[in-house]
Amino acid sequence: MKDGAAEQVEWRVTGMDCGACAGKVRGAVERLPGVSEVDVALMAERLRLTLDEGRTPRARVEGTVRAIGFGISAKGAAPERPEGGFVLPEGAFPAATEEAAPHQDMTARGVEETAPAWYATPKARFVLGTGALLAAASAMRLTASPEVAHWAFAAATLIGLFPVARQALAMARAGMPFTIEMLMTIAATGALVIGAAGEAALVVFLFALGEMLEGVAAGRARQGIRALARLVPRTARLETAGGTREVPAGSLDVGQVVLVRPGDRVPADGTVIEGISGVDESPVTGESVPRLKEEGAGIFAGSINGEAALRVRVTKRAEDNTIARIVRLVEEAESARAPTERFIDRFSRVYMPAVVGAALLVGIVPPLAFGQDWGSWSYRALALLLIGCPCALVISVPASIASALSTGARHGLLMKGGAVIEAAAGITRVAFDKTGTLTQGRPRVSDVVPLSASTGEVLALAAAVERGASHPLGRAILARAEQDGLDMPASRAARAIPGRGAEAEIDGATVTVGAPRLARERGVAVAQIEARIAALEDAGKTVVAVWRADDLLGLIALRDAARADAAQALDALRAMGIAPVMLTGDNARTAAAICDELGIEYRAGLLPEDKVAQMRALAQAGRVMMVGDGINDAPALAAAHVGVAMGSGTDVALETAQAAILRDRVADVAGMIRLARATMANIRQNVAIALGLKAVFLVTTILGITGLWIAILADTGATVLVTLNALRLLGFRPERPRDVA
């Protein structure tokens, strides 16, 4: 590669089992020349960065990561076992097959990952080892002379401290001298020098115990995400010309048909082509009530078939199914760090050197300036070093964010990172699209008004234009034509007119299906039927006109009912102090009919660019969330402080939005905001715990009330309390009307 030409490079990093580990990897590699945009994802075990190999070759990046104790392998290669660590068992990341690409992430293949038991991890072995040494030295105190016991404690300290000191030196060589490992090494060594060998050995053991508890607790949130990947079965029953045969689920292609027996998990996203059965979608969406699936119904991979066999046509490959997308979104969400997390990360980089400086002053100034005892103040300085460790503070935010992402995923609420969670917690207004969001998104053709063509011709031509349409109105017209058994003419050069309609060439002429205002703009004579259009719209119906060239062929009216939970969901938002509003491209009369029923204000007749303008206007008065499901909503979703796509929406909406609701329930909008608010409250609690405990023990240490083992216990205790408090979010129920965890 030429000097100055940078590209994005990705590795898999093994051995990371807590947020602090990810921080070490990030801190080590971002100091290398030519490295930028460093992204370390703990749950995905991913290191991604932009690298100028003319300044730093890949081998140097890999060497830096290995030097601080982690394994690293190129994307797609076999995982590397870190020194003294572990990788997931063989088969967790199987080699590529003929059906699979050389590298896909675990979610794309429905891979089962199982982390080792807590007692089999390196941190657990470290605890058991240091505990045994401490117990042996304590036994020597009871059975031998004080001098022998002293040396036994000193030996226990040095043996237990060796791996910590080695890690500290590795981190220092990587440009990070101020780490908990370095502070531990200095404090324990200093304690030995001043004769406090017993306390030094206890400090090493408590440090090891805290590290293990932190890893175990933080791993629960990570395992919650991995559990999603295990929802998709490994095999599927594929229908072929020769009968049904069992194949790997990851090898299924779009268009193939699979048989799903009662009690089986669905192996792929698809459409039911035969059978009627209740399907439990709770593993995917969190919805506890089984959904009836019949011919034409969509079905999620990982859901559980109930009482009857279903034949399902695959609509998405393994890497694109709903569960794969959920896990991928949650894993990618780690990259979107919350502003609070970024601030604390910057603060800790200043805080650590400041603590070391303060400890030096405490150890030197009183003896030199006031003739105090060197041993006593050196002891207090060493304790201050341990109290100053920012571990609890650093993990206070990412631990809460990881738990919230895991909880949200289990309840069908996806938020793409801490930045989205923090923004959602501050929402003051929510703007809803109408069709498919506040309404069911399944409009039905209620009226066909023929003008210069017959009823059948109007429907057939409109359906030919809308063939393949993704918008609910287009699908409704197509469904009515198929229901009536109409022959649809061939069409070509079909295109959507965003926010207005669609058009295509049929028999050499352009046929357009669109809003009456589009017909007016194009010079089509609609004045003579304005009264009929107004009457249909006053009844809450959406009216589209069908014309060829400038000849108005007829009108089609469609009716879409409000969702059953829409009114209750809007009341829940108001109870939380959030003002809802509806933004729709539909006409004012139809919008008014829906909004009068729901009791919500509205803005009607909006084109996509008008929705963006409305979002900007609303944003001037507060923080705004936009909820939508269609291609037309994508610009407004992007313009909002938080864009939320309904799960039934288009891929464009899901990719553009910062969050998604899988259960297609308006009530989940309030649930998402509740979860975000609970997460931010949890973060504030964590920061208060971390700083509060340190402030108390800082004072007591300087006054000589508490010593070394209390200092490390305070740090370990704060870390464990913060992590356990964050894990409370794993049990949070977003549907409950409460705002804090």
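Let's start inside the protein, at valine 430. Setting aside neighbours within four places in sequence, this residue is in contact with Leu573, Ile578, Ala579, Pro580, Val581, Met625, Val627, Val669 and Ile673. Keep in mind that what you're looking at is a predicted model.

The largest nonpolar core has 55 residues, and Val430, Phe432, Leu438, Leu573 and Met625 are the ones that touch the most other members. Which helix gives the most to this core? That would be H23, spanning residues 667–702, with ten residues. Another core lies apart from this one: it has 47 residues, and Phe153, Ala188, Ala191 and Leu192 are among them. As a rule, nonpolar side chains in soluble globular proteins tend to be buried together.

Now step back to the whole chain. There are 741 residues, and 53% of them count as buried. The chain has 24 helices and 26 strands. If you take contacts between residues at least 6 apart in sequence, 68% of them join residues at least 24 apart.

Here are the elements picked out in this report, with the residues they cover.

| Element | Residues |
|---|---|
| Helix H9 | 339–370 |
| Helix H11 | 391–410 |
| Helix H23 | 667–702 |
| Strand S24 | 624–628 |

Strand S24 is where you'll find valine 624. Is Val624 buried or exposed? Its relative accessible area is 1%, so Val624 is buried. Leaving out neighbours within four places in sequence, Val624 is in contact with Ile427, Arg429, Met615, Leu618, Ala619, Ala640, His641 and Val642. Glycine 643 is 19 residues away from Val624 in sequence, and their C-alpha atoms are 8.7 Å apart in space.

Finally, have a look at a pair of helices, H9 and H11. Their axes come within 9 Å and cross at roughly 165°. Because of that angle, H9 is roughly antiparallel to H11. The crossing of H9 past H11 is left-handed. Which residues in H9 meet H11? On the H9 side you'll see Thr340, Glu341, Ile344, Phe347 and Ser348, and they meet Leu393, Val394, Ser396, Val397 and Pro398 in H11. Sorted by class, this contact has six nonpolar, three polar and one charged residues.

Notes
Residues numbered from 1 in each chain as written. Predicted model: local features only at pLDDT ≥ 70, side-chain atom pairs only at ≥ 80, totals over all residues. Heavy atoms only, no water. Axes fitted to C-alpha atoms, helices over the stretch in contact; angles between N-to-C directions. Helix = DSSP H or I, 4+ residues; strand = E, 2+ residues; numbered from the N terminus. Parallel < 35°, antiparallel > 145°, perpendicular 65-115°, else oblique. Left-handed = near helix turned anticlockwise from the far one by under 90°. Contact = heavy atoms within 4.5 Å. Nonpolar A, V, L, I, M, F, W, Y, C, P; charged D, E, K, R; others polar. Core = buried A, V, L, I, M, F, W, Y, C linked by side-chain atoms within 4.5 Å. Buried < 20%, exposed > 50% of the residue type's maximum accessible area, 1.4 Å probe, protein only.
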